[in-house]
Amino acid sequence: QVQLVESGGGLVQTGESLRLSCAASRSIFSINVMGWYRQVPGKQRTLVARITTGGITNYADSVKGRFTISRDNAKSTVYLQMDSRKPEDTAVYYCSTVPPRYWGQGAQVTVSS
């Protein structure tokens, strides 16, 4: 059974940092590009960061320079370090494969101004 479990969400002030974690089933983690997506109410879920099995990363322009994606292959876990948070970063964050085939419950992140 494939599992994706996000954690680390919460309420932060503008400018504060936050790190999300996603524990994935080894069956999908070890062979796939992994990514973090986010969704706000009424809008599509969008990819904000991705990382290959070899550690090559790509970011959406909206988060470039502020967010950092990383992965721990031994723990089958992918992380999203979010610095210099802005109110527009408020969303539910999900991790998945790229392209996405599975979804976890997501982690709500709220940035207050």
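## P99 and its cis bond

P99 sits in the loop between strand 9 (91-97) and strand 10 (107-112). Strands here are DSSP runs of E with at least two residues, and helices are DSSP runs of H or I with at least four residues, numbered from the N terminus. The peptide bond that joins V98 and P99 is cis, with omega at about 0°.

## Basis of the model

This is a predicted model, in which local features need pLDDT of at least 70, side-chain atom pairs count only at pLDDT 80 or more, and totals for chains, interfaces and linings use all residues. Residues are numbered from 1 along each chain as its sequence is written, and side-chain values use heavy atoms, with hydrogens and water left out.

## Two serines with positive phi

S76 lies in the loop between strand 7 (67-72) and strand 8 (77-82). S76 is not a glycine, yet its phi is positive, about 50°. S76 counts as buried because its relative accessibility is 3%. Buried means under 20% relative accessible area, exposed means over 50%, and partly exposed is in between (1.4 Å probe, protein chains only).

S84 belongs to the loop between strand 8 and strand 9. S84 also has a positive phi of about 50° without being a glycine. Its relative accessibility is 41%, so S84 counts as partly exposed.

S25 is in the loop between strand 3 (18-24) and helix 1 (26-29). With 13% relative accessibility, S25 counts as buried.

Which residues does S25 contact, leaving aside neighbours within four places in sequence? They are Q1, V2 and Q3. Contact means heavy atoms within 4.5 Å.
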